[in-house]
Amino acid sequence: MSKLIIPKIIGHRGACAYAPENTLASIHAAADLGVEWVEMDVKLTRDNVPVIFHDEDLNRCTGGSGLVAETDFKDLRELDAGAWFGESFIGEKIPTLEEALNAVIDRNLGLNLEIKPCPGREVETAEVALDFATRIWPDDAPPPLISSFSYVSLESAMDMLEEWPRGVLIDEYFDGWRDIAAHLDAHTVNINGLTVTPEQLEDYLAFGKPVLAYTIDDPARAQDLFDRGVAGVFSNCPDVIREEIETLH
Ligand code: G3P
Ligand code: MG
């Protein structure tokens with residue numbers, strides 16, 4: 001496996017300050033800004049199509065109703081995933097994983113694919129997503145970082161594709177996180193950079209793997225996290241973080 005080289009700034013859900021999150025437009029917005037990696041969330045429709053979408057519920061990002069887990073792909077595809085964000089994005093669709101991967105590859109981006117399973121679908125989501133991803137992802141490109149808050153999904157990813165790196169996502173610090181990260185042979189520890197305390201961050205860093213922090217749109221917070229040893233941040237406005245950090249150095 002090629003060595004994992006993680007950039008300091010990762011576009012969150014694409015570059016979702018500038019385009020509707022988790023759409024092809026958001027991937028292209030990130031690439032246009034010169035971002036090196038993007039993060040995207042993948043889950044399954046009722047009929048097992050892997051799509052790029054964050055919420056369980058369709059309402060916020062499409063104006064539709066109901067749960068992704070209870071919607072077939074053909075119905076989900078009729079929804080508009082751009083209008084809520086702005087008029088210029090009317091007609092944007094929820095992308096399939098395949099479409100999103102192809103856009104990421106075309107734009108020469110690195111990827112953190114977050115497995116965001118609908119409840120009860122932790123194993124299938126990892127298996128279906130990785131089955132698609134391994135068929136599409138170029139053999140000669142560094143593999144995507146596979147992350148999840150679902151340690152069941154990460155265990156499935158490990159069983160299926162041990163050589164692709166895994167990031168263990170932790171929202172709130174809890175005792176025992178280290179045993180889980182060790183069991184999953186985590187390559188990164190991906191934490192909530194807005195709520196982490198200095199003591200908790202020390203503990204994460206002592207694990208010895210790169211610590212990535214979400215979701216950081218304030219350059220001062222990003223700089224503070226970098227100064228403390230954080231390797232990378234996820235940002236909705238990666239260009240703002242980059243510009244401020246370049247100014248400070
Ligand atoms: O992977 C970092 C971040 O995306 C995790 O939280 O809820 O934005 O998917 P969320
Ligand atoms: Mg995410």
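This is a predicted model: local features need pLDDT of at least 70, side-chain atom pairs count only at pLDDT 80 or more; totals for chains, interfaces and linings use all residues.

Let us begin with ligand 1. The residues around ligand 1 are His12, Arg13, Glu39, Asp41, His54, Glu114, Lys116, Phe149, Leu169 and Tyr214. Sorted by class, this shell has five charged, three nonpolar and two polar residues.

Several side chains reach ligand 1 through polar atoms. An N or O atom in the side chain of His12 lies 2.8 Å from an oxygen atom of ligand 1. For the side chain of His54, the distance from an N or O atom to an oxygen atom of ligand 1 is 2.7 Å. Lys116 also takes part, with a polar side-chain atom 2.7 Å from an oxygen atom of ligand 1. As for cover, ligand 1 has 290 Å² of accessible area on its own, and the protein covers 91% of that area.

Next comes the metal. Ligand 2 is a magnesium ion, coordinated by Glu39 (OE), Asp41 (OD) and Glu114 (OE) at 2.0 to 2.2 Å. If you follow these donor residues in the sequence, you will find them spaced E-x1-D-x72-E. Glu39, Asp41 and Glu114 are also among the residues around ligand 1.

Asp41 is buried because its relative accessible area is 1%. Glu114 is buried too, and so is Lys116. Glu114 and Lys116 form a salt bridge with each other, their closest N and O atoms being 2.8 Å apart. Salt bridges that share partners also join Arg13, Glu21, Asp41, Asp55 and Arg60 into one network.

Asp55 deserves a stop of its own. You can find Asp55 in the loop between strand 3 (50-52) and helix 2 (59-62). With a relative accessible area of 15%, Asp55 falls under the cut-off and is therefore buried. The side chain of Asp55 makes a polar contact of 2.7 Å with the side chain of His54, and His54 is one of the residues around ligand 1. Asp55 also forms a salt bridge with Arg60, where the closest N and O atoms are 2.8 Å apart. Arg60 has a relative accessible area of 36%, so Arg60 is partly exposed.

To finish, let us step back to the rest of the chain. The structure holds 15 salt bridges. One more to look up joins the side chains of Arg107 and Asp32, at 2.8 Å from N to O. This pair links distant parts of the chain, 75 residues apart: Arg107 is in the loop between helix 4 (97-106) and strand 4 (110-115), while Asp32 is in helix 1 (residues 24-32). Asp32 has a relative accessible area of 58%, which means that Asp32 is exposed.

Note on methods
Residues are numbered from 1 along each chain as its sequence is written. Chains are lettered from A and ligands numbered from 1 in the order in which they are written. Side-chain values use heavy atoms; hydrogens and water are left out. A residue is near a molecule or strand if one of its heavy atoms lies within 4 Å of it. A polar contact is a pair of N or O atoms within 3.5 Å; within protein, one must be able to donate a hydrogen and the other to accept it, and residues adjacent in sequence count only if both atoms are side-chain atoms. Accessible areas come from the Shrake-Rupley method with a 1.4 Å probe; for residues, only the protein chains shown count as cover. Ala, Val, Leu, Ile, Met, Phe, Trp, Tyr, Cys and Pro count as nonpolar, Asp, Glu, Lys and Arg as charged, and the others, Gly among them, as polar. Donors are N, O and S atoms within 2.8 Å of the metal (3.2 Å for Na, K and Ca); water is not among the atoms, so sites may look incomplete. Buried means under 20% relative accessible area, exposed over 50%, partly exposed in between (1.4 Å probe, protein chains only). A salt bridge is a side-chain nitrogen of Lys or Arg within 4 Å of a carboxyl oxygen of Asp or Glu. Helices (H or I, at least four residues) and strands (E, at least two) are DSSP runs, numbered from the N terminus.
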